[in-house]
Amino acid sequence: MADIDISLYNTVTEGKATILFPKSNEVFYNPVQEFNRDMSIAAIRTWSEIFMQEKRARIEKKLANAKTEQDRIKLAEKLDVQINPHNFTILEALAATGLRSIRYAKEIPNLKQVVANDLLDDAVESIRRNTIYNNLSEDLVRANKGDAMRVMYDTVGTQNKYDVVDLDPYGSAAPFVDGAVQAVSEGGLLCVTCTDLAILTGSMHPETCFGKYNGMPLKGTFPHEMALRLVLQMLQTSAGRYRRYIVPMMSCSIDFYLRVFVRVYTSPNEVKKAASKIGIIYECSGCHAFATQPLGKYDVKDNGSERHTPGSGPPVNEFCDHCGSVHHVGGPAWIAGLHDKTFVGKMLQHVKDNEQNYGTHVRMKGMMSVIQEEVDEPCYWTLQRLCGTLHCNSIPLLDLYSAILNAGYKASASHCGPQTLKTNAPSSVVWDVLRAFVKKHPVVMANIAENSPARKILAKEPSINVDFTRHPDAVAESRNGVRYQLNPTANWGPKARAGKKRKTDEKDTEE
Ligand SMILES: C[S@@+](CC[C@H](N)C(=O)[O-])C[C@H]1O[C@@H](n2cnc3c(N)ncnc32)[C@H](O)[C@@H]1O
Ligand SMILES: [Zn+2]
C-alpha cells in the first residue's frame, strides 16, 4: 500500500470494503446501489450454499453406487474438491471501481475467484488499486480489461464457465445477455440489472422496448412487473437457443431499476416448456382488467411422456367483457413464476441471521417479506386504477383483500408498489367486489360520461355474494416491517456515466 498516495483519493466504506475514489471522480460509483449490492451478496451466498450442497449430493450418490475401487477413489477425490471451500467463481462483467467484486471477495465465503472486468483503463486501474488497498490477493480479485461480451464469449465451448455471472451495466443489459447465458456454469446464477426503465415500462416509446427486448411493454397498471417479465422472457429466449433454460430465484423491481437472479441449466426437454412459460398479456384500455395467453401448453400423459401443443385462445373477446373497451397487447413476456419461494425464504433467513453485514438490511427484509407473500400469478391491480375507473371512494385495502379471500381466492400486495392487489381471482370477481363496495359508497353518476367504463361496469349487478368481513389473512405479516421505500436521496436515480458532469441536481436519466 506504500505506493498508493491516499491524499489523491476520497474513501467510501460499504459493507466490508473501503474503496478509493480519485478526487477527480473519473470512475462510476452510485451509493444508492448499496441495496443492489447487499441483495446480490445475500442472493449469491444463498445460491452458493444450495449449489455446493447439490454438487456434494450428486457425487455422494455416485460414490455410493461406485462399482470399482478405482471409481470410488476418483469420486472421493472429487468430493474432496467439493468439500474444499474456495470452489466457485464469479464474473462481474462490468465492474467499474471494483467495489462490488471486492465486497463479493470479502463477504461471500468459499469464493475461489471473482473476475472484475471493465472496458476502461481507469476502471481496471481502480479495481487493482482497491484490491490492494483492501488486502486482497490479485488472484482472488482478478482485474481484467476487456469487452464484457468478448470475455463471456471466450467461455463458449470450454469448461471454464463462471458459476455466477453478474451484469450491472448502464441502462440495458440486453446486449450482454446472449453471452451471459452461455458463460454461466450448469446450475449457476445469473444476476442482471437493467436501469432503462423508461424503455422497459413503455413510458415513452414501446416500439423501442420491442427492439431491445423483443417484447411490448404495458404501461397501464403494472409496468414494473411487466418489465420484469420482459427481461425474464429475453433471458429464456436467449438461453433456449443454446438448449438452456432459466429458473427465476428472485425478480425485483427496485427504485429506478430491475434486478433479477436466475439459475441457468441445460436441458433440451425443459427448453420445450418455454412456450408454456411465455405468453401475450392483454390489458383492457378502459378498466385495466388483464388476461394472459400462453403461447404453448403441455401435459403429462399417463405413461409419463409430455405432450406439447400450441396454446388455445384468445382469453379475451374483441371488446372487454366488463367495460367494452379494446385491449392493449403486451409481450411476449414470461408468465411463469417470478420467484422461487424456498430460495427467497432461505435468503430472508440468512439476512435476519446476519443483519450486521448489510447496511440496508431493514429494506432487504421488507422487500423479501413482501415477495414471499406475493400471490404467484401474473400482474396486479392498483387501488388507484380500480377506484379511478369507477370514480368511487378509495376502497380500504383490507376490505378489498378480505372480500377476495372470503370469495375463496388468494390476495396479496406486489413488491412493485404499495396499494396493489395480486390475486388468482378472475377480473369478474374483482369488479364484483368493487360493485358491492360502490353499493355501500355510491358514486355520483351525473359526473360520469355516457360511454365511460364506470357506467358499463356499474350497470351490472354483482354475480357473487360479496362479504367484506375482515379475513384473518388480509393483514400481511410483512406489514410490521418497512415494505416500500421512499426516494432515498435527493440525487436518487441511475447515475450518469463516469466523467459526465451533472447539469442539475435533479434525477439523471439514462437512455
Ligand atoms: C453501472 S457501471 C458498473 C457498476 C458496478 N457494477 C458497481 O456495482 O459498482 C457500468 C460499467 O460498465 C463498463 N462498461 C460499459 N460497457 C462495457 C463493456 N462492453 N464491457 C465491459 N465494461 C463495460 C463501464 O466502463 C462502467 O464502469
Ligand atoms: Zn375493460
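First, the ground rules. The model is predicted, so local features need pLDDT of at least 70 and side-chain atom pairs count only at pLDDT 80 or more, while totals for chains, interfaces and linings use all residues. Residues are numbered from 1 along each chain as its sequence is written, chains are lettered from A and ligands numbered from 1 in the order in which they are written, and side-chain values use heavy atoms, with hydrogens and water left out.

Helices (H or I, at least four residues) and strands (E, at least two) are DSSP runs, numbered from the N terminus. Strands pair if DSSP finds at least two bridges between them.

Start with the sheet. Seven strands make an open sheet. The order is β5-β4-β3-β6-β7-β9-β8, with mixed pairing. From one strand to the next, the twist averages 15°.

Now look inside that sheet. β3 (residues 88-92) and β4 (residues 111-118) run parallel, joined by five bridges. Ile90 has Val114 in β4 as its bridge partner. Helix α3 (residues 99-107) packs on the sheet. Contact here means heavy atoms within 4.5 Å. α3 touches β3, β4, β5, β6 (162-167) and β9 (257-266). The direction of α3 makes about 180° with that of β4. Angles run from 0 to 180 degrees between N-to-C directions, and axes are lines fitted to C-alpha atoms, for helices over the stretch in contact.

Next, two hairpins. β1 (residues 9-14) and β2 (residues 17-22) pair in the antiparallel sense over six bridges. Tyr9 stands opposite Pro22 in β2. Two residues lie between the strands of this hairpin, and Gly15 in the turn has a positive phi of about 55°.

The other hairpin is β16 to β17, again joined through two residues. β16 (residues 411-414) and β17 (residues 417-423) are antiparallel, with three bridges. Ala411 faces Thr423 in β17 as its opposite number.

On to the helices. Two packed helices are described by the angle between their axes and the distance between the axes.

Take α12 first. Which way do α12 and α13 run relative to each other? α12 (residues 341-353) and α13 (residues 361-373) pack at about 155°, axes 10 Å apart. They are therefore roughly antiparallel. The cut-offs: under 35 degrees is roughly parallel, over 145 roughly antiparallel, 65 to 115 roughly perpendicular, and the rest oblique. The crossing is left-handed. That term means the near helix is turned anticlockwise from the far one by less than a right angle; clockwise is right-handed. In the contact, residues of α12 including Val344, Met347 and Leu348 meet residues of α13, among them Met364, Met368 and Ile371. By class, the contact has seven nonpolar, four polar and four charged residues. Here Ala, Val, Leu, Ile, Met, Phe, Trp, Tyr, Cys and Pro count as nonpolar, Asp, Glu, Lys and Arg as charged, and the others, Gly among them, as polar.

α12 also meets α1 (residues 34-64). Their axes come within 9 Å and cross at roughly 115°. This crossing is right-handed. Trp47 and Ile50 are among the α1 residues in the contact, and Phe343 and His350 among those of α12. The classes are eight nonpolar, two polar and two charged.

α14 (residues 383-390) and α16 (residues 427-440) pack at about 60°, with axes 11 Å apart. That makes α14 oblique to α16. The crossing is right-handed. Leu386, Cys387, Thr389 and Leu390 in α14 meet Val430, Trp431, Leu434 and Val438 in α16. The contact has seven nonpolar residues, one polar and no charged ones.

How many residues of α15 are buried? In α15 (residues 397-406), nine of 10. Buried means under 20% relative accessible area, exposed over 50%, partly exposed in between (1.4 Å probe, protein chains only). The buried set includes Asp399, Tyr401 and Ser402. What do these buried residues pack against? The partners are α14, β16, β17 and α16. Just after α15, Gly408 takes a positive phi of about 95°.

Last stop, Ala198 in helix α7 (residues 197-200). Ala198 is partly exposed, at 29% relative accessible area. Leaving out residues up to four places away in sequence, Ala198 touches Ser203 and Met204.
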